[in-house]
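Please read the following report alongside the sequence and the coordinates.

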Amino acid sequence: MIRPWVFEFFPELTDQAATESDRAVPKYFEGYLSLWERAERLGFEGIFFSEHHFGSSFSSSPNLLIAATAARTKTLRLGVMGVVAPYYTPARIVEEIGLLDQLSGGRLEIGTAVGVPQELAKVGLTMDQARALYNECLDIVDAALETGVADYDGKHFKYENLRLLPRPAQKPCPPKWSTVVSVDSARRAAHRRSKICTGFMSTEQVKQVFEAYLSEAQGLGLAADGGHLGLRRRVIVAESESEASELMHSALERYKSFTANDSRLKFSHVPDAPRQGGGFTVSDDEFISGTPSQVTDRIVAQCRATGAQHFLAVLHWGAALDEVRSAHELFGRKVIPVLKKAAI
């Protein structure tokens, strides 16, 4: 079985659309809240919201989006992939996890991330600084979720027997996820007893990352399988191949993805991509498009090759809401039923 999730960027309105009417932004928010509510009836496992700042996204405080969506749904799992820990204090992260898990009736998923270099730079944080903050945050969050108390003496954070409430509804805590793009980060996630989610890379690279995770988990005496891997891809789905091709071209144009000499996506135009360099490239496997049957076949093939039992679909990224809504409906009606029956 492949569990299908929505990965939600919640793109901002264009400046023109936002200024045409004072009602434009509230209407846009209501449109997306209705879309997320509908995701439950379409059979999605849940929604992972992204966190982005300073333009191109309304996801600056995704925990608020979780709270709003939880009030309108009953079974949908809800999380952030991931909370950008360097922007917060760890005590606040733990408190919000407990509150959201209680408000949602135990439907929260915990995802964490270091952050995007170009966004962190706008508040004066280098990647080295962000990683240092992130590592201390995770040490505190993981321990406090187990005990309900923060007790830590570090370089950036110091807590002495600080009681954090409310405790999560799920015991000992909601499922944890880590975003990873390397073997080393996958191994670190295993030590945290965290599931992993990855994208951008080729199917073969994802397989290698997950094999490292499984090996590390086995060495720690932990039971781990395909339920510990989420594969995230950008998906365009349409009734015909020609329509899918046109929509994919429009999506790539929105991010200025093509250059005269290179058909691969440039990192600088993808909101959540690592900065280009260090031998890291965005694989063609990142993009899945076609009719429902073609999309289904490609998703199943990638999940079988990597072992992933979770698939996170970024559906028609950056498109107008009507197009995104139509994609959700088509994916829900014709792709999800097959994914849920697929053997991995």
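Does F10 count as buried or exposed? In this predicted model, F10 counts as buried, because its relative accessibility is 1%, under the 20% cut-off.

## Backbone geometry

F10 lies in the loop between β1 (3–8) and α1 (15–20), and it has a positive phi of about 50° although it is not a glycine. N161, which is not a glycine either, also has a positive phi of about 50°; N161 lies in strand β7 and is exposed, with a relative accessible area of 56%.

Cis peptide bonds are found at two further places. One joins M81 and G82, with omega about -10°, and G82 belongs to the loop between β3 (77–80) and β4 (83–84). Another runs from K171 to P172, with omega near 0°, and P172 sits in the loop between β7 (158–163) and β8 (176–179).

## Packing of α2 and α11

Helix α2 (residues 24–42) packs with helix α11 (residues 321–341) at an angle of about 5°, their axes being 10 Å apart, and the two helices are therefore roughly parallel to each other. On the α2 side the contact is made by G31, Y32, L35, R38 and L42, while α11 contributes L321, V324, R325, H328, E329, G332 and I336. By class, this contact has 6 nonpolar, 3 polar and 3 charged residues.

Methods. Residues are numbered from 1 along each chain as its sequence is written. This is a predicted model: local features need pLDDT of at least 70, side-chain atom pairs count only at pLDDT 80 or more; totals for chains, interfaces and linings use all residues. Side-chain values use heavy atoms; hydrogens and water are left out. Axes are lines fitted to C-alpha atoms, for helices over the stretch in contact, and angles run from 0 to 180 degrees between N-to-C directions. Helices (H or I, at least four residues) and strands (E, at least two) are DSSP runs, numbered from the N terminus. Angles under 35 degrees count as roughly parallel, over 145 as roughly antiparallel, 65 to 115 as roughly perpendicular and the rest as oblique. Contact means heavy atoms within 4.5 Å. Ala, Val, Leu, Ile, Met, Phe, Trp, Tyr, Cys and Pro count as nonpolar, Asp, Glu, Lys and Arg as charged, and the others, Gly among them, as polar. Buried means under 20% relative accessible area, exposed over 50%, partly exposed in between (1.4 Å probe, protein chains only).
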